[in-house]
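This report describes a complex of two chains.

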Amino acid sequence: METNTKRLLHTFAALADLGQEIANTSDFAEMLRSSFHLLLGSMAIRRGAVAHYDRRADTLRIISTRGLDQAPESSFAIPRDDARELARLGTSLTLAQARERATRFMEAHAQLFASTEIELLVPLVVHERLIGIVLLGEKASGEKFTEEDFETIKALARHIAVGINSHHLLAEVKRKAEENQRLYDGLRKIYKETVHAFAAAIDIKDRYTQGHSVRVGKYSEVIAREMGWSDDEVEGITVAGYLHDIGKLIVDLSVINSPERFSAKDSKEMSRHPSAGYEILAPISHPYADIPLMARYHHERMDGNGYPDGLKGDEIPAGARIVTLADSFDAMTTDRPYRKKLPLEDVLADFRANTGTQFDPQVVCAFCRAFLKEIEGTKERRLLNLLNRNYHDVERLGPMLNQMLSDFDGGAIAASVNN
Amino acid sequence: MQARCVGDAAIIYASDYLNKLSGERIERECKRQLESGRRALIINFRDTELVNSIGVSILVGVIDAAEQNTARLIFSDVNDHTAELFQMLGLTRHVSVVSSEDEALSLVSEARP
């Protein structure tokens, strides 16, 4: 086989290896070191360095060296015009050629090139932009670089340039994604704080139900989590709980704060609040699905006798069915102007009596299951902590909750909780 | 990395494929031997079928290290294909390439004052 053919085969093998090295995106420094090794080894070049061009700082930063007795400074300045000229040329330059083309840069660093016995300067270029440079010393053979060598170096250098460029593009994309995530998190925080402020505003208007919206949000959260909803969905329903009564902002203050049960006229006024809530919430771009619908339908009933639209069963959004139960639970476990809070046995009896007609059996079961787990100590006390100030001795409710689970869920859920 | 010492010489055995991983092991071992005062290094390529470009670059680094320490570097048991590669790339200007380890050791003995 002729020497030229052998040389060509060795170069092809180096190119193939280089492709594999550049695909290594997990360790940039190692990828670069190996790629540089391959370039040097393709023609047994004794020394060299590779530097990355930072266009914002107008500097070249050394990222790998090989065989240099005297290590160059870690970074050195390059005038922008010289960088542009090197990018435009995009091919290997002898030092004499480089001195003509990038005069200021070569003059400024004459000492560097003299002390390191560098013979070639190879611009690394992608899309006509300078990415970096490779500096190469003499070949182990002592022969001068040929035109064929220049072409080989150009091909290998292009691969290295693409590798460096891809790494920096990926890093930039990652940086922007992190920045976007921070902005998104910031917006979400502002949204949540706004929702809290609204919940407080709603509850302040009704002096008898202070804290109601926040508690309904938290009860809804516990139930949704027990039903296996995703974190995002749980966050959404918590917000829906906070905002479900936002329509009360347009209801006459004297009606809301009436110390007596509502008259027919007052009831009609009060029953406007779900639709009004929907009207308020619908124009807002919520980060969660169906918030306005959960507000609109939290007074619907499974049997179709609710309001405002008389929806039945599955026609009512699942989130609204959860908020309905959470809303009723808080209403029954807090004092109202026309009655005291109910004992928990009575609350559960109400749930039992109205499951399937007013309440969704699956939601009732999830509530019972969560309650039971908290009583048995297998789950964080969320419901119990919200109730604590008002109720004691909730442990005795275990059998009742078990019985409800058995009745509404064929016993399977009760068994799993007990296990 | 298999290596042994005979007198002033360290004999280092290259693996079947001289690439980045195995090449860096050879480079480390050579530098360790030079630091411990050896003035002759014999790299035995009896098991080596292939040397890639990174392997070549690493061997160039070993040549540099040997020259800086005024140590003798000898390659032995190199197969024909690899010998041609070393010849073509000019490595043979800096190292002696011999057919056997014994021949390499003889070269080292002859050079001794």
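The text below goes from model confidence to the interface, then to a sheet and a helix pair.

**Confidence**

This is a predicted model. The predictor assigns the complex an ipTM of 0.92 and a pTM of 0.64. The averages for each chain are tabulated here.

| Chain | Mean pLDDT | Residues with pLDDT of at least 70 |
|---|---|---|
| Chain A | 88 | 95% |
| Chain B | 93 | 98% |

Within chain A, helix α14 (residues 318–332) has the highest confidence, at a mean of 97, and helix α19 (residues 412–418) the lowest, at 41.

**Interface between the chains**

On the chain A side, 23 residues are in contact with 18 residues of chain B. Helices α1 (3–22) and α2 (28–42) of chain A each supply at least two residues of the side that touches chain B. The most comes from α1(A), with seven residues. By class, the side of chain A that touches chain B is made up of nine polar, seven nonpolar and seven charged residues.

**The sheet of chain B**

Chain B has an open sheet of five strands in the order β1-β2-β4-β6-β7, and the pairing is mixed. Strands β1 (2–6) and β7 (96–98) of chain B stand at the edges; each has a single partner strand, so one side of each lacks a neighbour in the sheet. From one strand to the next, the twist averages 20°.

Strands of a sheet pair through backbone hydrogen bonds, in either a parallel or an antiparallel sense. Strand β4 (residues 40–44) of chain B pairs with strand β6 (residues 72–76) of chain B in the parallel sense, over five bridges. I42(B) has I74(B) in β6(B) as its bridge partner.

**A helix pair in chain B**

Helix α1 (residues 20–35) of chain B and helix α2 (residues 53–68) of chain B have axes that come within 9 Å and cross at roughly 5°. Angles under 35 degrees count as roughly parallel, and α1(B) is therefore roughly parallel to α2(B).

On α1(B), the residues that meet α2(B) are K20(B), G23(B), E24(B), I26(B), E27(B), C30(B), K31(B) and L34(B). Their counterparts in α2(B) are I54(B), G55(B), I58(B), G61(B), V62(B), A65(B) and A66(B). By class, the contact of α1(B) with α2(B) has eight nonpolar, four charged and three polar residues.

Key
Residues numbered from 1 in each chain as written. Chains lettered and ligands numbered in written order. Predicted model: local features only at pLDDT ≥ 70, side-chain atom pairs only at ≥ 80, totals over all residues. Axes fitted to C-alpha atoms, helices over the stretch in contact; angles between N-to-C directions. Helix = DSSP H or I, 4+ residues; strand = E, 2+ residues; numbered from the N terminus. Parallel < 35°, antiparallel > 145°, perpendicular 65-115°, else oblique. Contact = placed C-beta atoms within 7 Å. Nonpolar A, V, L, I, M, F, W, Y, C, P; charged D, E, K, R; others polar. Pairing = 2+ DSSP bridges. pLDDT = per-residue confidence, 0-100.
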